[in-house]
Structures are given as structure tokens and as C-alpha cells.
Amino acid sequence: TSVAITPDGLHIVSGGADNTVRVWSLASGEEVQRLVGHTAAVSSVAITLDGRHVVSGSEDGTVRVWSAG
């Protein structure tokens with residue numbers, strides 16, 4: 001399980017045992033995006049400095065780069 005906050009401070013990104021990466025609104029606590037593609041637990045997440053991409057690493061041995069938003 002891993003979490004990161006976007007550079008603008010508006011969203012939190014999480015990855016976990018359900019194989020998904022989720023983007024949450026910090027203000028409302030609501031899930032605003034779900035990124036599906038890993039086949040095992042997501043063990044790490046990071047956000048690029050410009051906030052345009054989410055990078056996730058999984059126990060399935062893959063690293064994925066996703067568009068944020």
C-alpha cells in the first residue's frame with residue numbers, strides 16, 4: 001500500500017491490495033478516478049512534478065504510467 005499527494009495539494013493517490021490505483025479529492029474525500037490494469041497488489045505510487053502523470057509499481061512486476069485526470 002502506498003499514498004502520494006499531488007503537487008497542487010488537491011488530490012491523494014493511493015495504491016493497494018485490490019490491484020488498483022485510486023485518485024481521491026482531498027476536499028471531499030470522494031474517489032475521482034480509478035486506474036485498473038495491475039494484476040497484483042500495488043506497492044508504490046508517485047506523481048510527476050507537473051502533476052500530469054501517476055506512476056505505479058506492482059507486485060506483478062510491472063511499472064505503469066497513467067494520465068492523471
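## Strands and their order

Strands here are DSSP runs of E with at least two residues, numbered from the N terminus, and two strands pair if DSSP finds at least two bridges between them. In this predicted model, local features need pLDDT of at least 70 and side-chain atom pairs count only at pLDDT 80 or more, while totals for chains, interfaces and linings use all residues. Residues are numbered from 1 along each chain as its sequence is written.

The model contains an open sheet of 4 strands, ordered β1-β2-β3-β4 with antiparallel pairing. Because β1 (2–5) and β4 (31–36) each have a single partner strand, they stand at the edges, and one side of each is left without a neighbour in the sheet.

Strand β3 (residues 20–25) runs antiparallel to β4 and is joined to it by 5 bridges. Within this pairing, valine 21 stands opposite leucine 35 of β4, and arginine 22 has arginine 34 of β4 as its bridge partner. The hairpin of β3 and β4 has 5 residues between the strands, and glycine 29 takes a positive phi near 80° there.

## The largest pocket

A pocket is an open set of points on a 1 Å grid over the protein atoms alone, where a 1.4 Å probe fits, with protein on both sides within 12 Å along at least five of seven lines; lining residues have an atom within 4 Å of a point. The largest pocket holds about 150 Å³ of space. It is lined by 14 residues, of which Thr6, Asp8, His11, Gly51 and Ala68 are the closest to its centre. At least two residues of this lining come from each of β2 (11–15) and β4.

Note on methods: Side-chain values use heavy atoms; hydrogens and water are left out. Grid points are joined across faces, edges and corners, and a volume is the space filled by probe spheres set on the points.
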